[in-house]
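Please read them with the structure open.

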Amino acid sequence: MSFSSLGLLDALVTTAAELGYKTPTAIQQKAIPIVLQGRDLLAAAQTGTGKTAAFTLPLLHKLTCEGPKVGGNQVRCLILVPTRELAEQVLTSVQSYSRQLPISSYAVYGGVSINPQMLRLRKGVDVLVATPGRLVDLHRQNAVRFEQLQLLVLDEADRMLDLGFSLELAEILASLPRKRQSLLFSATFSDEIRTLANKRLNNPLTVEVSPRNTAAQSVKQWLIPVDKKRKGELLLHLLRQRPAEQLLVFVKTRKGAEQVGQQLREAGIACDTIHGDKPQPSRMKALQAFRDEELQVLVATDVAARGLDIPDLPLVINHDLPTVAEDYIHRIGRSGRAGSQGEAISLVCADEVEQLAAIERLLKQTLTRKEDPDFSPSHRVPLTHDGMAQKKPKKPKQKASDKMISGKVHLGTWFDEPPKPARAVRGKPIFAKKKPK
């Protein structure tokens, strides 16, 4: 199957070819015809499967063929995303695919000044990519209006709910015209996602191109047991083995990201960090430097797990396991994208065995362990079985009959052990009371 056979405009087919897209991916083959038919869509697709093009290409087709000229402060197509990084990524895709079309596009998100965004929206935008919080602020100030809205996309809707955007989503959706085409993309079909789809989508068609909650099959996954205090040394050891490879290192906290980044820089490795405490311009600068291969390592928290699109990334290292098992899937999904081979290595200490067990339950597989003899842990990482951490067996309780045989059951002072001497209180002896005469 080719892009031309899907019914897209010649300009879009030509652009796809120029960008190196030869054959549509599974999600593109299934989703594009549905969108072109005007039907609502509920789609589950892993990150890296080409889902952005699956909704962007047909939306651009429809906006070019069907819509009137956009008015001031109006939007014809709204794409809601959970993070600033993903907003920039989707905007870049929209601009790339629409370069031969008379379509305007823009992205709005928090962490930067709202005034330039308000000025830009005065002219109207055909395709607006937005994070929920900033869009609510703009709508409350009448900087953006939805009378002309034709198309709505909720991208990574599960992540938006995870990040606590339920109220913002409800406010936005209540402001949109009922007559519209809606597309909902999610990594999983959780109960919350199905509830959202039932309320906000009109008799949608459902597409699922991968098993629920599974990691990309093209990513080789394994772990190295190591003591927590030696993770930094082991990370440097792995980097020295792969001096020519770019890689992402995921950590659990913002403070941890800076500590790991500083350690790598002191070792002479070109790296930067990306996390929620960094200003948006600094985050975008670090991401661009990584894309331009000016950095070997990008250290990130889970805020970036779903917002990075870096082609041909060979390796992801989990310096810390994520607290939420589903985030593991999105982390390793940065590697092995669009069918290429990737690798994910997790550095696991004894304190993380419960997180490991949760991840293995989600994957329905036990991750391979490869112990490095130079980093054998003093505190062993317990083995897991069927995704459950194995604990030391408890000692069986003694039966009453056993206690009688051992002579430890209390049968009265005539059969008991002799009384113990009185204890001292605050260094002073306690003397037994004299028996009355």
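1. Basis. This is a predicted model, in which local features need pLDDT of at least 70 and side-chain atom pairs count only at pLDDT 80 or more, while totals for chains, interfaces and linings use all residues. Residues are numbered from 1 along each chain as its sequence is written, and side-chain values use heavy atoms, with hydrogens and water left out.

2. The sheet. An open sheet is formed by 7 strands in the order β3-β4-β2-β5-β6-β1-β7, with parallel pairing. Strands are DSSP runs of E with at least two residues, helices are runs of H or I with at least four, and both are numbered from the N terminus. Two strands pair if DSSP finds at least two bridges between them. β3 (105-108) and β7 (205-208) are the edge strands; each has a single partner, so one side of each lacks a neighbour in the sheet. On average, neighbouring strands are turned by 15° against each other, direction ignored.

3. Strand β1. β1 (residues 41-44) pairs with β6 (residues 181-186) in the parallel sense over 4 bridges, and A44 stands opposite S186 there. β1 is also joined to β7 by 4 bridges, again parallel; L41 has L205 as its bridge partner in β7. In a regular strand, side chains alternate between the two faces of the sheet. In β1, L41 and A43 point one way, L42 and A44 point the other way, and all are buried (under 20% relative accessible area; exposed is over 50%, partly exposed in between, with a 1.4 Å probe and protein chains only).

4. Strands β2 and β4. β2 (residues 75-80) and β4 (residues 125-130) run parallel and are joined by 5 bridges. C77 stands opposite V127 in β4.

5. Helices α6 and α8. α6 (residues 132-140) packs against α8 (residues 166-175) at an angle of about 45°, with the axes 9 Å apart. Axes are lines fitted to C-alpha atoms, for helices over the stretch in contact, and angles run from 0 to 180 degrees between N-to-C directions. The contact (heavy atoms within 4.5 Å) is made by P132, G133, L135, V136, H139 and R140 of α6 and E168, L169, E171, I172 and S175 of α8.

6. Y328. What is the relative accessible area of Y328? It is 1%, so Y328 is buried. Y328 lies in helix α13 (residues 325-332). Not counting residues up to four places away in sequence, Y328 touches Q221, N318, P322, S346, I359, L363 and L367. Y328 and L362 are 34 residues apart in sequence and 9.6 Å apart in space, C-alpha to C-alpha.
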